[in-house]
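Colleague: I'd like to learn how to read helix packing and sheets. Could you walk me through an example?

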Amino acid sequence: MVQQEKTMESRQQAEDAGASSPGTAEGSIEEPGGVERSGRRKFISGVVEGFYGRPWTMEQRKELFRRQQKWGLNTYLYAPKDDCKHRMFWREMYSVEEAEQLMTLMAAAKEHGIEFIYAISPGLDITFSSQKEVSTLKRKLDQVCQFGCKSFALLFDDIDPNMCPADKEVFSSFAHAQVSITNEIFQYLGEPETFLFCPTEYCGTFCCPNVPQSPYLRTVGEKLLPGIDVLWTGPKVVSKDITVESIEEVSKILKRAPVIWDNIHANDYDQKRLFLGPYKGRSTELIPRLRGVLTNPNCEFESNFVAIHTLATWYKSNMNGVRKDVVMTDGEDSAVSIQIRLENEGSDEELETDMLYSPQLALKLALTEWLGEFGEPHQYNSRQVPHSGPKSSAIDVATLVSPNLGSSTTVTTVYQQPIMSQAAGSAEGEQQPPKREPEEEPMETAAEKPDETDTPVAKATEELKPMDTDREAVSEVASTEAATTSVQEDPGSDVAPMQTDEQLGREPFVPGPDEKPLYTAEALTLEDLNLLAELFYLPYEHGPKAAHMLREFNWLRANSGVVSVNAKSKDPEKVAEWQGRADKFEEMCCAVIRMFTRLSNSANRTILYDLYPYIWDIKSIVSMVKSFVQWLGCRSQSSAQFLSGDPEPWAFRGGLAGELQRLLPIDGANDLFHQPPPSLPTSKIYSIRPYFPKDEPEVYRICREMYKEGVDGGPFPEQPDLIGDRFVGGLLNLSPDYGFVLEDEEGICGYALGTADVKPFAKKCRMSWIPSMQEKYSKPDSEKDLSEAEKMMLSFHEEEYEDGLPETFLSNFPSLIKVQIHTKVTDPSVAKSMMGCLLSSLKANGSHGAFCEVRQTDRRMLDFYSKLGCFEVAKMEGFPKDVIIMGRSL
C-alpha cells in the first residue's frame, strides 16, 4: 500500500502538477478562472446543481455563491437536469431572456470569487460521428462563452451505452466516441483551465467487469487529453464511504486524480427523504489524492446549509493536502484538535480522522450557524428583487432583505420561477421522475425584464442566429419597464412585504387586562435543530436519536405481551420496565412534535417552506406511532401479531418515516401514510390517544353534533344520549380496547372505534347492551308516524343485524369500525392517522379486514370513508336495505 501510494504520487506529479497540490498556497491569490496567480491549479471545491427536479431559482443561486465565498468553497457546476436546454434540448440556443439570466448568474459568481462551470449533457441523442452535431455543440458553447463563461463540463451520465449504426462505423467503442468529441470540444474552446468530463461509467458499480479491468475507463484514461478532469461518484452512485484505496484504484486507470461528484446528500430518488447530516465517510486523506469535490445536494435549496457547510469544514481541515495527521488549520489548532478528540470519544468515527475532521463537530458548527438563520424574517420574492442586468452590478441576496423587518413579521411567499425547466438524467444512476413538478412559466415575466434591445446580451445573441427571440416582448418592454419601477417602488402594492405596526410608525396593539394575551411563539433551539438533523441524517444511517427511537419502538412492540390485557400472569419488574421505556419513548415523540411546532413558527419562511413537507411527514408518523404505543400499553392482547425480521433501515425508501411505518401492523396501507402537508404551513397540533371511560360524554357530544350535520332534525334535546347510545354506546361499553380519541387544545374533536370480531360483539350487545337500552327507552307505537327520535328508539327493540351479515362477507371483513371527525378540524391528515391507529390495533390482534355502516342519505360520511380507503361492498343477500356497507382489507 505504501509503495502504491508513492507510485501514485510520482505519476500524478509528473502528469499534472495541480493534482498533487489541491490546497491554495499561503499568500497566493485565487481567481475564479480555476487557476491561482501563482500558476498552480486549485483544488475544486463546491456545489454541483445536478439533481433531477425543479432547478433552483436565480436568487437561490446567488445566495449559494455568497455562502460558498463565506465558507471557503470556490466552484459552482451548473448542470440542473430539468433545464431542458442543458440536456434534453441541448441543441437549442438560449433566448435573449435566458441569456440575460445566465450572464447575471455568471457575474454574481465572479463577484463572489466563485468559478462558474457550465455543463452540457448531449449524450441522450447525439450522433458522435456527425460533423453537423459537433458543430451544433460548438455553436451552443460559443454562445455560452460570449456570456462570459470560461469553464465547462461535458456530461455523458445516465445514457444508453449503445452506439447508433453511424457511430459504429467510425468508432471502435462508446468510450472512443465520447473521448473523441470531448477532446475536440476541449481544444476548440482553447483548452480552458477547468474542463470536466463525466463518463457513462461514473461509479464502481457501473464499471464492467470492475474498475481496474474496465475497457471503457482504460480508453478514457489513455485517450482523454491530460488537461481534462474526470468526474467520479465513488464505489456507488450514492457512496456510503469513499476510501483512499478506491480512489487510488480509479486514479490509476484514469491516469489522473478524479473530481468527486458526491451524491451523499442527494435526495432526488426518494420523495420522503432529506439529508441534513454532516459530510461523512470520506477521510481527509483523500484531499491530496483528488482534483476536487463537488457535492450534489438536496433538491430543496435551503435544506443544504449543513451539507455545504460541513463539506467546507472537511476541506479546510486538510486544505494544504497533508497526508498524515495534522490539526485543523484554522488558527485554533490545539483547541480544535482537543475538541475533536472529545467529540469522538465513544463514537464510531474512523481513527484516521480523529486529528483532522470530526463529522459530529462539523455538524455542531453548521447547526449553530444555521440556527441564526431561522430567526431572520426572510423569503425569496422575484418581484421584490431588483434585476441584475448588464447595466447594474450583481446583487448580493442578503442586501435585498429589508433591514427593518422584525422577528414578528409575517410575510407571504411569492416564489421566483426557475430558469429553464423539464427534462431527465444525473450522475445518480437510475432515472427517476422529478421530485417536484416544475412550474409552467420557467422565466421571469416581461415586466421583470429590462430593455434588451441595446444590451450586450442582445448583441451577443443576434450574432448567433438562429435565436428564439420574442420580438413582441422586446417591443412591449418600454411600457412595462415603467410599470415595473412603480411596482417595486410602491410600498403599498400587493407585492410589497408585509410590515408591522412598529415599522409603519403606528402604536402596536396592547391587549387589556381581561383580554387574551398576544401569541408568542417558542424560539427554535439548537437541540431542536440537532434532532431535526438526526431524523433526516444520511442515506445509509439514521442519527443517534432517530436510531434509538427505532430500537425502542421495535422493543416495545416485540415485548408488548408483558402488558397485554389478557396476559395470564404479569411480572411486575417486566411491566415496570416496559412502562418506563414506553414513557421515555413517548417523550422522544413529544420532542419531535415540539420541534415541528417551533420550526413551523420560525420567522424565516424561506427555510420553512423547503423543510415543511418533510417535518410534516415525520410529525404525522411519529404521532401515529406514539398513539399506537399508548394503545399497546393498555389494550393490546398477548396474541398481537407483527412481522418478523429487521432489515437495515436504509434498505427501504422513506427514511425514518418509512421505517416507522414498516414497524406498524398496517405497514402496507400506503394511502393512510400519504398525508400531504397543507398549502400554508401551520403549527397546530392534534393528538391521538386511546379512549378511556371518562371520555364518553365528549364522544357522545361529537356523535350528536355530527349526526345533525348528516340529517335533518335532531339532536333530540329530550333524549340527549339517544344518538350516542344508538351509534357508539355499544362499542364504547363492550369494545373499549379498540377506541381512540382525537384532541386539540380545546378538547376531544374526533373518535375512532371498533371491534375485532363483530359476531361475538353482536352477541354481547343482545345479551347486555340492547336490554339496557330497551329499559332506558320505551318502545314507541310503530303503527303511527314516527319521529326520527322514535325510529331510533324503536331500533333498540328490533333485532340487530350485524351478526346476520353473510358469513362469506364476515370471513373477509370481521371487524366493525366507526370513525368521526368534527367539522371544525380542517387538517385532512388526522382522519388518516386516526384510521391508521384503529386499523393497526385491529390487525395487531388478528383482524384481516374491517367494514363500516353508512346511511344511504349520508353523502358526507360516504365521501369521508371513501377517502380513507374504504370501498362500497357489492350488496349481498342479508345486507340491510337502507345502509351501505363499506369495507377495507388489512
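Modeller: Happy to; we will take a helix pair and then a sheet. This is a predicted model, where local features need pLDDT of at least 70, side-chain atom pairs count only at pLDDT 80 or more, and totals for chains, interfaces and linings use all residues. Residues are numbered from 1 along each chain as its sequence is written, and side-chain values use heavy atoms, with hydrogens and water left out.

Colleague: At what angle do the axes of helix 6 and helix 7 cross?

Modeller: Two packed helices are described by the angle between their axes and the distance between the axes. Here, helix 6 (residues 174-188) and helix 7 (residues 215-223) cross at roughly 25 degrees, their axes coming within 9 Å. Axes are lines fitted to C-alpha atoms, for helices over the stretch in contact, and angles run from 0 to 180 degrees between N-to-C directions. Helices (H or I, at least four residues) and strands (E, at least two) are DSSP runs, numbered from the N terminus.

Colleague: Which residues of helix 6 and helix 7 meet?

Modeller: With contact meaning heavy atoms within 4.5 Å, Ala 175, His 176, Gln 178, Val 179 and Asn 183 in helix 6 meet Tyr 216, Thr 219, Val 220 and Lys 223 in helix 7.

Colleague: And the sheet: in what order do the strands come?

Modeller: Strands of a sheet pair through backbone hydrogen bonds, either parallel or antiparallel. In this model 7 strands form an open, mixed sheet ordered 9-10-11-12-13-15-14; pairing requires at least two DSSP bridges between two strands. Strand 9 (687-690) and strand 14 (871-872) are at the edges with a single partner strand each, so one side of each has no neighbour in the sheet. Strand 10 (residues 739-744) and strand 11 (residues 747-755) run antiparallel, joined by 6 bridges, and Asp 744 stands opposite Gly 747 in strand 11.

Colleague: Which strands does helix 21 lie across?

Modeller: Helix 21 (residues 722-734) lies across strand 11, strand 12 (815-821) and strand 13 (849-855), at about 70 degrees to strand 11.
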